[in-house]
Amino acid sequence: MGWSNWSGLEHASPSRVVAPTSVEGVVAAVEAARTAGTTLKPSGTGHSFTAIASPGHGMQLLPSGMTGIVSIDREALTVTAYAGTRLKALNADLERLGLSLHNMGDIAEQTLAGAISTGTHGTGRRQNGHSYAGLAAQLAGFTLVTGTGEVLTCSATENADVFDLARIGLGALGVLATVTFRVEPLFALEAVEQPMPWADFHRDFEALVDSADHVDAYWFPHTDRLLTKRNSRLASLDEIAPLSRTRAWFDDDFLQNTAFGALTAAANLAPGVIPRMNRMNASLLAARTYSDVAHRVFTTERRVVFREMEYAVPRADGLEVLRDCRRALDASDLRISFPVEIRVAPADDVPLSTAFERDSFYLAFHTHRAAEHRAYFALLEPILRAADGRPHWGKVHTQDSAALAASYRRFDEVLALRDRLDPDRVFANDYLRRVLGP
Ligand SMILES: Cc1cc2nc3c(=O)[nH]c(=O)nc-3n(C[C@H](O)[C@H](O)[C@H](O)COP(=O)(O)OP(=O)(O)OC[C@H]3O[C@@H](n4cnc5c(N)ncnc54)[C@H](O)[C@@H]3O)c2cc1C
């Protein structure tokens, strides 16, 4: 059976598929690839839109043999899990243990290794002991099997240089076997979802972001409407008031997946209706407030398959860049049915993080899988790059190593570490050759 990613954009036919169940098994897989003179690509659940996880014609290493929690340190508040664990499985296990990650993205389907390695992030207003930064910034350590078969235990005190640089490693520096997250006691979030006019959003943006711990906004192209989602921590888990099952099914399953999927699929056939449809979709998603255990508020299910490009620009320039993107879209013939997602993140210290050393404003552009995404992304990518935008490593973009080196101050150090940990390029694929070089 071949490999393909969630969005259906990338396909490959690996020569051999392995699913090791131990660190020794991972070392044996690296050695087998070296002996065969081929590559070895660790893959997650394929939720990257780029070919970053493509095994090409080499060997593919599946995550399924190494899942679950390995250990918990309740004093240090850290949890170590096998890197092939899915985020949703970790969230469920942590909930049972009365613990939680600090922050996460929109979905929980991914593997821990895959999500960490591409810089997966959520949204959050400020740095708070790393609370609101991306997943890689929440790491306290990991175990890595390098391209020469060496096993490195990495943390701030052990192999600290590798820990520092390889937290976002793009799958280019080694196979993550275990990862250790800093965690906190289980907490609840209250979500307040509200429509907002475009002009108010631009006028009140700073106040909006300051009004909650985690602010997300969705702008419906060709309209003046946004939906804002503000998630704030509740003082106690006893306060939670989840949506009724019927309301949750209607809003999150029916409206956001079934009906939205049917409408956007139909709109591909008659793009002229999209502006009117977007106005209708924006008004259907009416105001609501609910609360739940944090991971159930952070993440939702996405059953409508789409394509996505996301860039991080300096936070201070974000609104201007959004307006530039709108102007370009309005001046084009394109009709886009999916909302543009807007998030923020505090500066972090992970060298290949899109939020490295700068407060960031994220703009994410989507199209239905049956719609043509290339013209849309090609229209906006130059605007995002001109604002020194950094593309999400797992989402569609066209940048190469020369362009990316200019955006990341410590890019050369990552390349030098790659030469040290994977001198024979056991983990290489076409995507990595493009973004990191040969
Ligand atoms: C519907 C949807 C919603 C999303 N929402 C968000 C979001 O809110 N925020 C966000 O930032 N991103 C988001 N993403 C992007 C997603 O989080 C990333 O693309 C993530 O990498 C996917 O994880 P995966 O397990 O599918 O990894 P894959 O895509 O399979 O692999 C990603 C990378 O991880 C490497 N890798 C996998 N396993 C290992 C290992 N054991 N050791 C070393 N490297 C390894 C692979 O080689 C590859 O380089 C979303 C994607 C989708 C499809």
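Reader: Which residues does Ala-282 touch, not counting residues up to four places away in sequence?

Author: Ala-282 touches Phe-220 and Arg-225. Contact means heavy atoms within 4.5 Å. Before we go on, two notes. This is a predicted model, where local features need pLDDT of at least 70 and side-chain atom pairs count only at pLDDT 80 or more, while totals for chains, interfaces and linings use all residues. Residues are numbered from 1 along each chain as its sequence is written, and side-chain values use heavy atoms, with hydrogens and water left out.

Reader: Where does Ala-282 lie, and why is Ala-282 called buried?

Author: Ala-282 lies in helix H7 (residues 274-284). Helices (H or I, at least four residues) and strands (E, at least two) are DSSP runs, numbered from the N terminus. Buried means under 20% relative accessible area, exposed means over 50%, and partly exposed is in between (1.4 Å probe, protein chains only). Ala-282 has 5%, so it is buried.

Reader: What separates the C-alpha atoms of Ala-282 and Asp-224?

Author: The two C-alpha atoms are 9.6 Å apart, while the residues are 58 places apart along the chain.

Reader: What makes Tyr-431 buried, and what is in contact with Tyr-431?

Author: Tyr-431 has a relative accessible area of 4%, so it counts as buried. Tyr-431 sits in helix H13. Leaving aside neighbours within four places in sequence, Tyr-431 is in contact with Thr-50, Ala-51, Ile-52, Trp-393 and His-397. The C-alpha atom of Tyr-431 is 9.2 Å from that of Asp-400, and these residues are 31 apart along the chain.

Reader: How do you know that Gln-60 is buried?

Author: Its relative accessibility is 6%, so Gln-60 counts as buried. Gln-60 is part of strand E5 (residues 59-61). Beyond four places in sequence, its contacts include Trp-3, Pro-14, Val-18, Leu-40 and Pro-55.

Reader: What makes the pair of Gln-60 and Ser-43 a polar contact?

Author: Here is the rule. A polar contact is a pair of N or O atoms within 3.5 Å; within protein, one must be able to donate a hydrogen and the other to accept it, and residues adjacent in sequence count only if both atoms are side-chain atoms. The side chains of Gln-60 and Ser-43 make such a contact, at 2.9 Å.

Reader: How do you know that the buried residues of helix H12 line one face?

Author: First, the list. The buried residues of H12 (residues 411-421) are Phe-411, Val-414, Leu-417, Arg-418 and Leu-421. Seen down the axis of H12, they fall within an arc of 120°, so they line one face. The arc is that of the directions from the helix axis to the C-beta atoms. An α-helix has 3.6 residues a turn, so residues three or four places apart point the same way. What covers the buried residues of H12 includes strand E9 (139-145), helix H4 (160-166) and helix H13 (430-436).

Reader: Which residues of helix H2 are buried, and what puts them on the same side?

Author: They are Leu-87, Leu-90, Asn-91 and Leu-94 in H2 (residues 87-96). They cover an arc of only 100° around the axis, so they share a side of H2.

Reader: Why is Glu-357 called partly exposed, and what is its phi?

Author: Glu-357 has 45% relative accessibility, so it counts as partly exposed. Its phi is near 55°, a positive value in a residue other than glycine. Most residues other than glycine have a negative phi. Glu-357 is in the loop between strand E18 (340-345) and strand E19 (360-368).

Reader: Where is Arg-425, and is it buried or exposed?

Author: Arg-425 is in the loop between H12 and H13. Its relative accessible area is 18%, so Arg-425 is buried. Its phi is positive too, about 60°, although Arg-425 is not a glycine.

Reader: How many residues surround the ligand?

Author: 34 residues do, and the closest are Pro-42, His-47, Ser-48, Thr-118 and Leu-176. A residue is near a molecule if one of its heavy atoms lies within 4 Å of it.

Reader: Which polar atoms lie 2.8 Å from an oxygen atom of the ligand?

Author: One is a polar side-chain atom of Arg-343. Another is a polar side-chain atom of His-392.
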